[in-house]
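Visitor: I would like to learn how to read a model like this one, feature by feature. Could we start with a single residue and build up from there?

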Amino acid sequence: MPQSATANILTVLDTDFKGIIEEWLGTQVKEGVKRSDLFSDAESRNQNRELLKAFSKGVRDGVTGEDFDFDDNQWDDLRAVLADVSRERVNRGVTPTEMATFVLALKTPLFKRLESLQDVDQGVLIRDVMLVTRLVDAFAIYTNEIFIVEREQIIDRQRQEMLELSTPVVELWDRVLTLPLIGTLDSARAQEVMENLLQTILERQAEVVIMDITGVGTVDTQVAQHLLRAAAAVRLMGAECIISGISPMIAQTMVQLGIDVGTVSTRSSIRTALSDALLTVGYVIKKTEDQ
């Protein structure tokens, strides 16, 4: 009866499981992808152990003849462990190249043990080596796919957090809000600005909003239109909008571009804008007399 294609692979996995883990770790060290600065030896060893255990189960149950489909249910355990390991490694700053090399390093200990088996025909050895290569390559490709998805999610989450941080709506006084804008104002950020601003107006029952553009480097037609649309939305919410931080250069640029601010109040500084806002809501700031 012919020997199954996975018999020798399972033999080396079953007889020297711990040895494979240790040599896999050693190969990672040689390849420079172990990342001892990010993971302790115990953490690295545990990740290797869980991955190799799930890999062994997949080889045992998920290979028919010399064929396998990494999407089959028999590989569920390995995919689940890979997702956990990839997520952890992405969060700690491992690169895609390091992640792929980390997985591909498994080939070395497996090849060595297959080669050391007694009474193995050369043709069978070549078959086994080719099957291990295909299995580990599929393993690495799937790892990279998971890694990319995880990193994209982190980047998207960081982008959202940066948008929130870059569009803070601050309550300066009772019923007076300010929105300090810094950097560029593209369409995506303008939408975020408007949503945050209108929601805060509703929550705080604000009557005056100061949009300060002192930190906006360049005001072109697109930026001006975003500001004017935001000001119009503020008025629809029943509040007054003041745009502060209009520098001489920005004023000149807006005139040259033919941008009409219409009924929107503008001020050169946030100090004068705040003074006007306080008057609007019935407050006056007075200097105390020296006693």
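Guide: Gladly! Asp16 is partly exposed, with a relative accessible area of 28%; the class lies between buried (under 20%) and exposed (over 50%), with a 1.4 Å probe and protein chains only. This is a predicted model, in which local features need pLDDT of at least 70 and side-chain atom pairs count only at pLDDT 80 or more, while totals for chains, interfaces and linings use all residues. Residues are numbered from 1 along each chain as its sequence is written, and side-chain values use heavy atoms, without hydrogens and water.

Visitor: Which side chain does Asp16 meet in a salt bridge?

Guide: The general idea first: side chains of opposite charge can pair when their charged atoms come close. The criterion here is a side-chain nitrogen of Lys or Arg within 4 Å of a carboxyl oxygen of Asp or Glu. In this model, Asp16 pairs with Arg113 at 2.8 Å, N to O. Arg113 sits in helix H6 (residues 107-116) and Asp16 in the loop between helix H1 (7-15) and helix H2 (17-31), so the bridge ties together parts that are 97 residues apart in sequence. Helices are DSSP runs of H or I with at least four residues, strands are E runs of at least two, and both are numbered from the N terminus. Arg113 itself is buried, at 14% relative accessible area.

Visitor: Which residues are linked with Asp16 and Arg113 in a network?

Guide: Glu23 and Lys112 join Asp16 and Arg113 in a network of salt bridges.

Visitor: How many salt bridges does the structure hold?

Guide: There are 22. One of them joins Glu150 to Arg87 at 3.4 Å, N to O. That pair links distant parts of the chain, with Glu150 in helix H7 (residues 122-166) and Arg87 in helix H4, 63 residues apart. Glu150 is buried at 11%, whereas Arg87 is partly exposed at 35%. Arg267 and Asp276 form a salt bridge too, at 2.4 Å, N to O. Both partners are partly exposed: Arg267 at 30% and Asp276 at 22%.

Visitor: What makes up the nonpolar patch?

Guide: Val170, Leu172, Trp173, Ile270 and Tyr283 make a patch of about 380 Å². Strand S3 (residues 170-173) gives the largest share, three residues. Leu172 belongs to that strand and is partly exposed at 34%.

Visitor: How should I read a helix span, and how far does helix H3 reach?

Guide: The expected span is 1.5 Å times one less than the number of residues. H3 (residues 41-62) has 22 residues and reaches 30 Å from first to last C-alpha, close to the expected 32 Å. Its buried residues include Leu51, Leu52, Phe55 and Val59.

Key:
Patch = residues over 30% accessible without salt bridge, like charges linked within 9 Å, V, L, I, M, F, W, Y side chains within 5 Å. Areas by Shrake-Rupley, 256 points an atom, 1.4 Å probe, with all protein chains shown as cover.
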